Amino acid sequence: MLYELRINDAVPGKLPALHDRFAKTSIPYFEKYGIKVIGFWTDEVGFSNRLQFILGFENADHYERAWSSFRTDPERVKAYAATETDGPLVIRVTNTLMRPTAYSPLQ
């Protein structure tokens, strides 16, 4: 398994809209392309406009195929555009691909 940590820094005031987009749009498309959602988090202390989440992939090929399909899905592109009629929701996305260690309980 590969795990991807993604950090989305929302435009100030747009975190509620970003939560809504993930709940209603992103997660169904993740499911469509076999992207496993491990979890979503916001900072209790720290950044007030940050959404962090971890996704799971079978391997590097699955990662590439799934993200390619997700990014180019015309209905998903249209749905995202509809959420940004008042401007972008995200300032910056940071991601890291992680492979579990042999002693990690999450494999």
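Asp 20 is partly exposed, with a relative accessible area of 37% (buried means under 20%, exposed over 50%, partly exposed in between, with a 1.4 Å probe and protein chains only). The model is a predicted one, where local features need pLDDT of at least 70, side-chain atom pairs count only at pLDDT 80 or more, and totals for chains, interfaces and linings use all residues. Residues are numbered from 1 along each chain as its sequence is written, and side-chain values use heavy atoms, with hydrogens and water left out.

**Exercise 1.** Find the salt-bridge partner of Asp 20 and say how the two sit in the helix.

*Solution.* Step 1: look for a salt bridge, meaning a side-chain nitrogen of Lys or Arg within 4 Å of a carboxyl oxygen of Asp or Glu. Step 3: check Lys 24, which is exposed at 59%.

**Exercise 2.** Work out what the salt bridge between Asp 9 and Arg 50 ties together.

*Solution.* Step 1: their side chains meet at 2.7 Å, N to O. Step 2: Asp 9 lies in strand S1 and Arg 50 in strand S3, so the bridge ties together parts 41 residues apart in sequence. Step 3: check the burial. Asp 9 is buried at 4%, and Arg 50 is buried too, at 16%.

Notes. Helices (H or I, at least four residues) and strands (E, at least two) are DSSP runs, numbered from the N terminus.
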